[in-house]
Structures are given as C-alpha cells and as structure tokens.
Amino acid sequence: MSPQITPIADSTQDLELTERLLAPDGTRIAHPDLDPFVADVDAAQLRALLRDMVILRRIDAEGVALQRQGQLGLWAPCQGQEATQIGTARALAPQDYVFPSYRETGVIYARGAQPGDFVRMWRGEEGAGHDPAALRVAPLQIIIGAQTLHAVGYALGIRHDGADEVAVTYFGDGATSQGDVNEAMIFAASYQAPVVFVCQNNHWAISEPVALQSQYPIAGRAPGFGIPSLRVDGNDALACMAAMRWALAHARAGKGPAYIEAVTYRMGPHTTADDPTRYRDESELEEWRRRDPIARLDAHLRSIGELDEEHLAEIQSAADVVAKDMRAACLGMVTRAPLAVFDGVYAEPHAGLARQRDEYAAYLSTFEGEA
C-alpha cells in the first residue's frame, strides 16, 4: 500500500486523497486492500466503536470544562479525532506497547484508563496520569516527537527478545518536522524494528496549517525511509481499524516498521491555552463538521438497521457516568506533600538526592505554616 503523491491544494482535496471504508454520509465503500482486515467486524463491534467515540467526546468535553473551572492546569482537546484514536487503539493486542503524545486521551481510554487517569497529570499531581505497566502505555509525552525515539528503542528490544509485541507511537502532523521523528524512522527502517508510526494529521500544528510544512501528503515521506505507508480517512473509524490491523500484521510478521497517516481535523484549540479563532476561519470548521466521525458511524449503523434510540440512550448514559466519575476523581484528589517529589527517583538511597531533599526541606521551612 502506498499513498497518492499529489499536491494538496486545500483541506477538501486533502480528504479526498485518502483510503476509506465509510463515506461521510455513512455509505459503506468496498476496498480490496482494506476489506480483508475488517471482514470479522459485525454490527455489535461497530456499535462498540460508536460507544467508545461518544464516551471519548464526553471525556474531552469534561476535561475542557474542568480546566475552565480552574481544576486543571491545561487540557489538550481531541474533539474531531475520535475515529483515529479509537479505531486504531481497538486494533491493538493486549501485549502491544503504546508511546503517545499529549493528545491521545482516546488511546489511554481504550487501553483501560480509569476516570482519574485522564486528569491526574493535567492537574499536576503526578508526572504520569496512569500506570504505564498496567495500561502498557508510556506516560503522555509533552516534548514534540520524542516518543517516536522511545518507541523505536522499545521495538529494538522486542526484536532482541523475540517477543510477540509491537510498539506503536502516535504523533501529530507538526511533529513530522522534528528531527526526532525522522531519526526514529531511520533507525526503525535500518534495524527493521517492529514499530508502527501513527501520524494524526489534524491539519494544525498549533497555529500553522499543515500545508505550510508539507505540500504533499505526509505518508509519502515514509517510503523514502524504506517504510511502507497508508493514508486513511481519519474520520472513518472502520478504515482506521483496518489500517492499524494491516500495520500491526506487517510489523508482527518481522517485516519491519509501518506508517499510517490518518487525515482528520482538530475541532477545538491546540490546548485550552490557545485561541484558534485568531488563525482559522469558521467556514473551515463548518466544512469539517459535515465530516464528523461520530455522525458518520451513526449514519452507517442506522442505514443498516443496527442502531435505535435504546442503543443511543445506553451510550449517552454510559458517557455521562464516565464524565461524572472523572469529575469526582479530579475534585477528590489530594496533592502530595512537596517533599514527595523525591520519592521513587532512585531504587536505592542516593547521597546526592538526600542532600537535595534536605536543601529543599530547608527552603520550604522558610514559608509561613511550614514545619
């Protein structure tokens, strides 16, 4: 599989240069390459994908609300990108290991995150909001593109051990201009590391449009490194699942890395510290609202008679429960004592760390109310 190498004139054309299984109106499209990878997906599984996406959007909305109310320091919204995250994450095997950026709320949800896990890091309580060992997901990475190097390093370990695992790393279109991402791809290709690169092309690197840094489809870069790639409609959950199954099968078979560019759109701000109205037009947002990933799968299920009001009521109820539990977990968090920042830094006692701890304790003692 390889992408069409055609210049991108605008976002409308951009989406047309992708592989898909569901049209924006929900119509099922036959695809000789992708269909075999989702031949087992039935209506119940499609409803489960829809349920996941609705819950994810509710989690995202609650995260924004909590930040606006002063309960979180920051939040990185993922509205509009639900199909990419849920579709690819639900294709993973339990033993696979994920290296995310800071926007993969849907990925950690699909890997089993608990309500508090979504907010713990953004509240500043811990460096990692979830248990990486339990979810098999590395901590959310703030440094742009750094996680791709970590994923390749882990994948080299998989190859050395002969383990039945694949490393998967997620990053945005802006990260593709970082040296780390390109270096990771060089190492992955050179050593045939079992790693899947997932680029969520949401069209905006903060305030810079993707066409500014990439006038051709991003997936077209991967073959230059010797990595096969696939460019899919990132608002099509079924196509995203098929693409990830293709990529995982390729890597797990010992054929080396694979690359997916999922073309989607960031409907909200880059983070809650950003004001996107300063750099993009409302007409562009409206254009992408008509391609909403949740509405697309909803329309498909309705067209085949597999979605009714009872299903929708259950899904909405589940979403509300998750949001309620997330808010309760956030408001109920107790901040650790300042000196706890030194806990767990080293496995054994360390004289240098002990000295720093004592110095920090002395500094804290100068504040009123501190012992």
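These legends accompany a set of close-up views of a predicted model. Local features are taken where pLDDT is at least 70 and side-chain atom pairs where it is 80 or more, while totals for chains, interfaces and linings use all residues of this predicted model. Residues are numbered from 1 along each chain as its sequence is written, and side-chain values use heavy atoms, with hydrogens and water left out.

View 1. D233 counts as buried because its relative accessibility is 0% (buried is under 20% relative accessible area, exposed over 50%, partly exposed in between, with a 1.4 Å probe and protein chains only). Its side chain makes a polar contact with the side chain of R20 at 3.0 Å. A polar contact is a pair of N or O atoms within 3.5 Å; within protein, one must be able to donate a hydrogen and the other to accept it, and residues adjacent in sequence count only if both atoms are side-chain atoms. A polar atom of the D233 side chain also lies 2.9 Å from the backbone nitrogen of N235.

**View 2. Salt bridges that reach across the sequence.** The whole structure holds 25 salt bridges, each a side-chain nitrogen of Lys or Arg within 4 Å of a carboxyl oxygen of Asp or Glu. One of them joins E306 and R47, with the closest N and O atoms 3.0 Å apart. E306 sits in the loop between α11 (293-303) and α12 and R47 in helix α2 (residues 43-68), so this pair ties together parts that are 259 residues apart in sequence. R57 pairs with E82 at 2.8 Å between the closest N and O atoms. Here helix α2 supplies R57 and helix α3 (residues 82-89) supplies E82, so the linked parts are 25 residues apart in sequence. R57 is partly exposed at 21% relative accessibility, whereas E82 is buried at 0%.

View 3. R302 and D298 meet through their side chains in a salt bridge of 2.6 Å, N to O. The two are separated by about one helical turn because they stand four residues apart in helix α11. D298 is buried, with a relative accessible area of 16%, and R302 is partly exposed at 39%.

**View 4. Two loop residues with positive phi.** Most residues other than glycine have a negative phi. R136, although not a glycine, has a positive phi of about 55°, and its place is the loop between α5 (132-135) and α6 (146-161). I206 is not a glycine either, and has a positive phi of about 60°; I206 is found in the loop between β4 and β5 (208-209). Relative accessible area is 21% for R136 and 43% for I206, so R136 is partly exposed and I206 is partly exposed.

View 5. A328 belongs to helix α12 (residues 309-331). A328 and G116 are 212 residues apart in sequence, while their C-alpha atoms are 8.4 Å apart in space. At 49% relative accessibility, A328 counts as partly exposed.
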